Amino acid sequence: MTAIAPNLSLVVVAGFLIATGVYLLLERALTRLLLGIVLASNGVATLYLVVSGPAKGAPFVGSRPAEEMSDPLPQAMVLTAIVIALASVAFVLSLAYRQWRITGSDDVPDDAEDELIKRLAERDEVSSTYDPDTQSTTEADEEDATA
């Protein structure tokens, strides 16, 4: 049985779609995040179909020998990936719409608590919720080891 090489152009297209999708997923704008989800999910679906091998006959039991049938698992996984991508797109679309209605922009703002921690770190101070009386787990483990 000879191994059949995958179509190189489809592998390159899948890699490009996934790479572009991941790049867009790292952006702060929700519309770019939305496009990143769509591109990455299409790239993964293309990759599933590429790695599933060449097209063969329909997988109906008893209609032909098993070697001449396509494997239905990659097709089922692509359908599942499409459903998950659709749900993710709907969720991010609702977040983007809500953010646009509230702020007039789709950019995700910085968190107020993150800004506070950043300022405290620049001044080398601790937060008001920090409890210096508690021991860290490593200090407690060291004391148990010496006792």
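**Core, helices and contacts**

Student: Which residues make up the largest nonpolar core?
Tutor: Keep in mind that this is a predicted model. The largest nonpolar core has seven residues in all. They are Leu30, Leu33, Leu34, Ile37, Val89, Val92 and Ala96.

Student: Which helix supplies the largest share of this core?
Tutor: Two helices, H2 (30-51) and H3 (72-103), each give at least two residues to this core. The largest share is four residues, and the helix they come from is H2.

Student: What does Val89 contact, apart from its neighbours within four places in sequence?
Tutor: Val89 is one of the seven core residues, and it is also on the list of buried residues in H3. Once those sequence neighbours are set aside, the contacts of Val89 are Leu34, Ile37 and Val38.

Student: Which helix do the buried residues of H3 pack against?
Tutor: The buried residues of H3 are Pro74, Val78, Ala81, Ala85, Val89, Val92, Ala96 and Gln99. Their packing partner is helix H2.

Student: How far apart are the end C-alpha atoms of H3?
Tutor: Helix H3 has 32 residues, so at 1.5 Å a residue it should span 46 Å. The model agrees with this, as the end C-alpha atoms of H3 are apart by 46 Å.

Student: Is Gln99 buried or exposed?
Tutor: Gln99 sits in helix H3. Beyond residues up to four places away in sequence, Gln99 touches Leu30, Gly104, Ser105, Asp106, Asp107 and Pro109. The relative accessibility of Gln99 is 17%, and the cut-off is under 20%, so Gln99 counts as buried.

Student: Is Val51 buried or exposed?
Tutor: Val51 belongs to helix H2. In sequence, Val51 and Pro74 are 23 residues apart, with 8.4 Å between their C-alpha atoms. Because its relative accessible area is 60%, Val51 is exposed.

Student: What kind of aromatic pair do Tyr97 and Trp100 form?
Tutor: A search of the whole structure gives one aromatic pair. Its ring centres, those of Tyr97 and Trp100, are 6.3 Å apart, with 35° between the planes, and the pair is tilted.

Student: Where do Tyr97 and Trp100 lie?
Tutor: They are three residues apart, about one turn of the helix. Trp100 is partly exposed, with a relative accessible area of 48%. The helix that holds both Tyr97 and Trp100 is H3.

Student: Which residues does the UniProt annotation "transmembrane region" cover?
Tutor: The annotation comes from an unreviewed UniProt entry. In the model, residues 6-26 are 86% helix and 0% strand, with end C-alpha atoms 30 Å apart. Residues 33-55 are 83% helix and 0% strand, with 33 Å between the end C-alpha atoms. The record covers residues 6-26, 33-55 and 75-97.

Student: How many helices does the chain have?
Tutor: From the N terminus on, the elements run α-α-α-α-α. There are zero strands, and the number of helices is five.

Student: What percentage of the residues count as buried?
Tutor: The chain exposes about 11400 Å², of which carbon and sulfur atoms supply 63%. Of its 147 residues, the share that count as buried is 18%.

Note on methods: Residues are numbered from 1 along each chain as its sequence is written. This is a predicted model: local features need pLDDT of at least 70, side-chain atom pairs count only at pLDDT 80 or more; totals for chains, interfaces and linings use all residues. Side-chain values use heavy atoms; hydrogens and water are left out. A nonpolar core is a set of buried Ala, Val, Leu, Ile, Met, Phe, Trp, Tyr and Cys residues joined through side-chain atoms within 4.5 Å. Buried means under 20% relative accessible area, exposed over 50%, partly exposed in between (1.4 Å probe, protein chains only). Contact means heavy atoms within 4.5 Å. UniProt positions are given in the numbering used here, feature names are shortened, and annotations may be inferred rather than shown by experiment. Accessible areas come from the Shrake-Rupley method with a 1.4 Å probe; for residues, only the protein chains shown count as cover. Rings of Phe, Tyr and Trp (its six-membered ring) pair if their centres lie within 6.5 Å; planes under 30 degrees apart count as stacked, over 60 as edge-to-face and the rest as tilted. The expected span of a helix is 1.5 Å times one less than its number of residues.
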